[in-house]
Amino acid sequence: MTFSTTVERWGVHEIELAGPTGGNPFADVRLSARYQYRNRVVEADGFYDGDGVYRVRFMPDAVGPWRFTTVSNVEELDGCSGGFDVGPPGPGNHGPVRAAGTGFEYADGTPYLPFGTTAYHWTHDMDEERERQTLRTLKSSPFNKLRMCVLPTGPMAPPEVPFAGKDPDGLDLTRFNPVFFRHLEAGVRELRDIGVEADVILFHPYDGGVRGFQDMGREVDHAFVRYVVARLAAYRNVWWSAANEYDFNRSKTVADWDDILRTIVRHDPYEHLRSIHNGTRMFEVASLYDFTKPWITHQSIQHWDATPTDAWLSACPKPVVIDEISYEGNIGKRWGNVTAQELMDRFWEGMSRGGYVGHGESLAGFQERAWIGNGGGLYGESPARIAFLRTVMEQRRDGTLLRYLGRRQPAQVTVDLPAGEAYEVELIDTWNMTITPVDGVHRERVRVGLPRRPYLALRMTRVGDR
């Protein structure tokens with residue numbers, strides 16, 4: 001047995017054990033570890049990592065001495081024990097993100113504003129240079145969350161897939177492929193190390209019958225969820241998305257998705273953020289999941305219009321993240337061909353209403369595959385303006401008022417201010433990324449003359465709050 005003897009708070013403690021290789025270790029062997037800090041005990045599931053190696057990973061949340069004891073139905077894996085010390089978190093380590101009212105914060109109380117993007121399959125090709133490029137791009141971007149899939153899509157022919165066997169024929173859905181998962185979790189760790197949350201999408205409806213991932217049956221679905229959670233949950237930057245466009249999967253009912261989400265809850269001892277993402281069809285109202293259910297932590301929404309954000313928050317007082325509001329792009333799909341101006345208009349509309357909006361880029365002609373599929377580089381005009389928006393939002397204080405004017409181009413606008421307070425007012429040009437002070441200190445009401453162009457906003461800050 002080997003294990004870490006020291007680890008930082010919200011880091012990863014790992015136990016490695018040698019065990020049996022006969023039969024089907026993925027299905028036949030049960031392994032967990034009970035971790036104790038003072039009088040509190042937390043149990044984490046283990047997993048088989050191939051070649052006779054078993055592992056348990058754990059994320060300690062308190063500084064001080066911890067002890068562990070393994071629990072297994074296999075004698076040589078059962079009752080192994082030890083201790084380790086947990087020190088303070090290192091630089092940039094604020095712990096996992098939690099929902100806090102209709103917003104988010106890290107476990108240490110630091111505010112977190114999600115500025116997410118999407119690169120569904122950035123780890124699947126195992127193209128080291130493109131993955132390095134993706135990480136470099138993210139590191140220099142405004143994005144601090146990335147939506148990514150575990151399962152490949154039907155037409156893809158990646159070098160490895162999550163299950164054992166020949167792809168696409170003869171996959172053994174009772175056995176997992178450790179090579180695939182080691183690569184996937186390396187990507188999650190690398191995102192963690194550059195401060196990016198990994199929004200891990202467990203299921204999707206895009207297999208097209210090639211591998212049978214859409215309808216694996218409840219037993220395989222459960223085993224898959226348990227295995228992914230056992231491997232990834234100890235990383236503090238993980239979020240769980242039960243599915244992308246769940247309602248496009250005709251093999252599963254809402255009750256099935258409820259069951260999958262409850263399974264995540266049972267096996268994730270850290271209560272990472274959990275949601276599920278809807279699809280939309282042209283001219284149809286988005287079929288939103290019932291986010292009021294107790295196993296949901298935040299609302300993950302696909303919709304092309306941000307104006308219902310107020311209604312979504314009113315119906316369910318949990319954070320609203322419009323993870324897909326259409327992508328900046330030039331492809332022939334309606335979801336992937338909006339201009340940067342249109343995307344930014346939707347960003348400002350959603351965020352000024354108290355929600356959060358996600359980015360994607362589907363620009364053809366710059367690299368072999370667009371960013372939303374496989375990462376690489378970003379070539380659009382929106383990332384720089386999202387960085388500007390992020391700065392504006394992170395500068396907000398309690399009591400700061402933000403009014404977005406959108407496409408409207410009035411000659412002037414009048415804003416009523418809270419009684420008894422004095423405000424400084426600024427005019428924000430969201431596209432040109434400028435902030436211009438409005439002369440004076442304002443009480444009760446402010447009337448601002450405007451330059452008659454679209455995509456403007458007003459920021460009102462209480463005097464003394466800067």
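Select Thr309 to begin: leaving out residues up to four places away in sequence, Thr309 touches Val320, Ile322, Gly350, Arg353, Gly354 and Gly355, where contact means heavy atoms within 4.5 Å. Thr309 is found in helix H6 (residues 309-315); helices (H or I, at least four residues) and strands (E, at least two) are DSSP runs, numbered from the N terminus. Because its relative accessibility is 0%, Thr309 counts as buried, a class that means under 20% relative accessible area, with exposed over 50% and partly exposed in between (1.4 Å probe, protein chains only).

Before moving on, note that this is a predicted model, in which local features need pLDDT of at least 70 and side-chain atom pairs count only at pLDDT 80 or more, while totals for chains, interfaces and linings use all residues. Residues are numbered from 1 along each chain as its sequence is written, and side-chain values use heavy atoms, with hydrogens and water left out.

Next, colour the protein chain by domain: the assignment gives domain 1 (2-87), domain 2 (97-395) and domain 3 (400-462), with bounds that come from an automatic or database domain assignment. Between the C-alpha centres of domain 1 and domain 2 there are 29 Å, and 21 residues of domain 1 are in contact with 19 residues of domain 2.

Now select Asn24, in the loop between strand E3 (13-18) and helix H1 (25-28). Asn24 counts as buried because its relative accessibility is 9%. Its contacts, leaving aside neighbours within four places in sequence, are Val29, Thr174 and Arg175. Of these, Thr174 is 150 residues from Asn24 in sequence, yet the two are 8.1 Å apart in space, C-alpha to C-alpha.

From there, show helix H4 (residues 218-232) together with helix H5 (residues 254-267), whose axes come within 10 Å and cross at roughly 35°; the axes are lines fitted to C-alpha atoms, for helices over the stretch in contact, and angles run from 0 to 180 degrees between N-to-C directions. The crossing of H4 and H5 is right-handed, that is, the near helix is turned clockwise from the far one by less than a right angle. On the H4 side, the contact is made by Arg218, Asp221, His222, Val225, Arg226 and Val229, and on the H5 side by Ala255, Asp256, Asp259, Ile260, Thr263, Ile264, Arg266 and His267.

Centre the view on Phe224, which touches Val150, Leu151, Phe163, Phe176, Phe181, Leu202 and Phe203, not counting residues up to four places away in sequence.

The last stops concern the backbone. Most residues other than glycine have a negative phi. Met126, although not a glycine, has a positive phi of about 55°, and its place is in the loop between strand E12 (116-118) and helix H2 (128-139). With 24% relative accessibility, Met126 counts as partly exposed. Finally, select Met433, which also is not a glycine and has a positive phi of about 60°. Met433 is placed in the loop between strand E26 (422-429) and strand E27 (434-443), and at 31% relative accessibility Met433 counts as partly exposed.
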